[in-house]
Amino acid sequence: MSFTRKLLAWYKRNGRDLPWRDTRNPYAILVSEVMLQQTQVSRVLEYYPRFMTRFPTIAALARARPKAVMEQWEGLGYYARARNLHLLAKRVAETGNQIPDDPEELRTLPGIGRYTAGAVACFAYEKPVPAVDTNVQRVLTRAFAPKDVWALATKLTPRVGERAWRFNQALMELGALVCTARKPKCPECPVRSDCLTGRSVVQIRSRRSAHPR
DNA sequence: TTCCAGGAAC
DNA sequence: GTTCCTGGAA
């Protein structure tokens, strides 16, 4: 079985039910992706529903006062994200409230970098484009040690949008739940047999001393 | 108590 | 390459 098939089979059983995985609303996806930048899922779950209730549409966000937006963001950190999101909403509101579906266009918007552009294009519009965040970067680097992670991700991304959506979600989920930064759970990894790191005989556990204390 | 994880802007 | 923030791991 291929890497992708194993990954998708694993995701089907182990993927978490998250509010932004139930929707293709571009605004909802956008808000979740910006919140998820540098921020754990558990943390975002405390803010995302409230934010969406307070600002249900991009037009509502565009109309809001900066103070009201910052209040909703209070405690999430990296406040430039909130300022950029608000700015983005105002800019999009001027052009008919349409969030672009093209990664190149998305990247011209404030606070949208390479990753978030790919994520919105794929998760909202089911475009077959890669979305390499730190999780995906780590998974692909450990598995295949590529020279260029984005190039590899482009090759691996399924051509059918709906499948690309699941592939990208699954790669990130694997990075979040199994191929973690500190202690990867290789024994429970669905793609261990395809992975350079997972296949290596000696598993590097820790670089700490063998005799703490 | 320190250290680390995590995208975009500069 | 550094800065921006916070929670949680070590």
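These notes cover the core, the pocket and the cavity of a predicted model.

1. Ground rules. The model is predicted, so local features need pLDDT of at least 70 and side-chain atom pairs count only at pLDDT 80 or more, while totals for chains, interfaces and linings use all residues. Residues are numbered from 1 along each chain as its sequence is written, chains are lettered from A and ligands numbered from 1 in the order in which they are written, and side-chain values use heavy atoms, with hydrogens and water left out.

2. The core. The largest nonpolar core holds 68 residues. Such a core is a set of buried Ala, Val, Leu, Ile, Met, Phe, Trp, Tyr and Cys residues joined through side-chain atoms within 4.5 Å; buried means under 20% relative accessible area, with a 1.4 Å probe and protein chains only. Tyr27, Met35 and Phe51 have the most contacts inside this core.

3. The largest pocket has a volume of about 830 Å³. A pocket is an open set of points on a 1 Å grid over the protein atoms alone, with protein on both sides within 12 Å along at least five of seven lines; lining residues have an atom within 4 Å of a point. A volume is the space filled by probe spheres set on the points, which are joined across faces, edges and corners. Of the 29 lining residues, Leu36, Thr39, Asp133, Asn135 and Ala176 are the closest to the pocket's centre.

4. The cavity. A cavity is a set of grid points where a 1.4 Å probe fits but cannot get out. The search finds 1 cavity of 30 Å³ or more. The largest cavity has about 110 Å³ of space. Among its 15 lining residues, Arg142, Cys179, Cys186, Cys189 and Cys195 are the closest to its centre.

Key:
Buried means under 20% relative accessible area, exposed over 50%, partly exposed in between (1.4 Å probe, protein chains only).
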